[in-house]
Amino acid sequence: MTDTPTPAAKPRELKRGERESLPDRRPSTQQKAIVGGHKVYVDYGVFSKEDRRLLEIFVDMHKEGAALRSIINGFAISISIGLQYGAPLREYLDAFAGMSFEPRGPVIGHDHIKEATSILDYIVRHLAIEFIGPPEAFVNPPGDPTSKFLHVDHEVVEFPKPDKGSGAPPKADGEPDEPSPLPVTRSVRLAEARARGYEGEACGECGNFTMVRNGTCLKCDTCGATSGCS
């Protein structure tokens, strides 16, 4: 990765629905980093050495579980296809920068990014540094007091807090309240649920994404509630 990114060439005007064909041989660059203790390899490909338009990305987390790898690979394929149809990189930056889910935390191995709220947040900010610049504008994720990002408003939901009931031991004087659960985007919870074999619908009773098909109904594996019966 270069310290000063080379601005990409002006995108070629594409007709609506037209996908740009890629040359069989094209240059690519790989960036290795560790995000929240997880190794992440991001490769990006440009049209040619002279024409540095970003047209594809590949992401490898080869030691992670199948579900997470599949989600990240699907994300990379979707980004690549969108770029080849003329979607601006800025749109992906606005959509995914600041998205928060595990793994997250300190970033090791990147010249500019030192903290990421998720793998997707890290990927789009890395690409922004390479192709949008300047690097200092994308060092910190949205929400950080020192961030130069415009506000990005992601829909977030919280895991329901379990009811401990009367059997929970009383708190000692001065004991701090439990921290609030980390916010997780609804789209991420839906993707995780489908990767585990669930329908991807949220239960109307307990809010968990653990609905399974039960005849003409959907049944929640968590609380047993049903919905959609005819």
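1. Helices here are DSSP runs of H or I with at least four residues, and strands are runs of E with at least two, both numbered from the N terminus. On that basis Arg125 is placed in helix α3. The model is a predicted one.

2. Overall make-up. The protein chain contains four helices and 10 strands. In sequence order the elements run β-β-β-α-α-β-β-α-β-β-α-β-β-β. The chain has 230 residues, of which 39% are buried. Of the contacts between residues at least 6 apart in sequence, 45% join residues at least 24 apart.

3. Main core. The largest nonpolar core has 36 residues, and Val40, Leu54, Ile57, Phe96, Tyr122 and Ile123 are the members that touch the most others. At least two residues of this core come from each of β1 (28-35), β2, β3 (54-60), α1, α2 and α3. Helix α3 provides the largest share, with nine residues. A further core of five residues lies apart from this one, and Cys203, Met211, Leu218 and Ala225 are among its members.

4. Packing of α1 on α2. Helix α1 (residues 66-84) and helix α2 (residues 89-96) have axes that come within 10 Å of each other and cross at roughly 145°. On the α1 side the contact involves Phe75, Ser78, Ile79, Gly82 and Leu83, and on the α2 side Leu89, Tyr92 and Phe96. Sorted by class, six of these residues are nonpolar, two are polar and none is charged.

5. Aromatic pairs. How many aromatic pairs does the structure hold? There are two.

6. Because Phe75 is in helix α1 and Phe96 in helix α2, the pair ties together parts 21 residues apart in sequence. Why does Phe75 count as buried? Phe75 has a relative accessibility of 9%, and the cut-off for buried is under 20%. Phe75 and Phe96 also take part in the contact between the two helices, and Phe96 is one of the core residues that touch the most other members.

7. Ile57. This residue is in strand β3 and is buried, with a relative accessible area of 3%. What does Ile57 touch, not counting residues up to four places away in sequence? The list is Asp43, Tyr44, Ala76, Ile79, Ser80, Ile123 and Leu127. Ile57 and Leu127 are 70 residues apart along the chain, and their C-alpha atoms are separated by 9.3 Å.

8. Tyr122. With neighbours within four places in sequence left aside, Tyr122 is in contact with Gln31, Ala33, Val35, Val40, Val42, Val107, His110, Ile113 and Ala116. Val40, like Tyr122, is among the core residues that touch the most other members.

9. Leu120. This residue is in helix α3 and counts as buried at 8% relative accessibility. Leaving aside neighbours within four places in sequence, its contacts are Ile72, Phe75, Phe96, Met99 and Phe101. The C-alpha atoms of Leu120 and Phe96 are 6.3 Å apart in space, while the two residues are 24 apart in sequence.

10. Local points to check. The charged end of Arg53 sits over the ring of Phe47, at 5.0 Å from the ring centre. Most peptide bonds are trans. The bond joining Glu102 and Pro103 is cis, with omega about -5°. Pro103 is located in the loop between α2 and β4 (105-108).

Note on methods
Residues numbered from 1 in each chain as written. Predicted model: local features only at pLDDT ≥ 70, side-chain atom pairs only at ≥ 80, totals over all residues. Heavy atoms only, no water. Axes fitted to C-alpha atoms, helices over the stretch in contact; angles between N-to-C directions. Contact = heavy atoms within 4.5 Å. Nonpolar A, V, L, I, M, F, W, Y, C, P; charged D, E, K, R; others polar. Phe/Tyr/Trp six-rings, centres within 6.5 Å; stacked < 30°, edge-to-face > 60°. Buried < 20%, exposed > 50% of the residue type's maximum accessible area, 1.4 Å probe, protein only. Lys NZ or Arg CZ within 6 Å of the ring centre and 35° of its normal. Core = buried A, V, L, I, M, F, W, Y, C linked by side-chain atoms within 4.5 Å.
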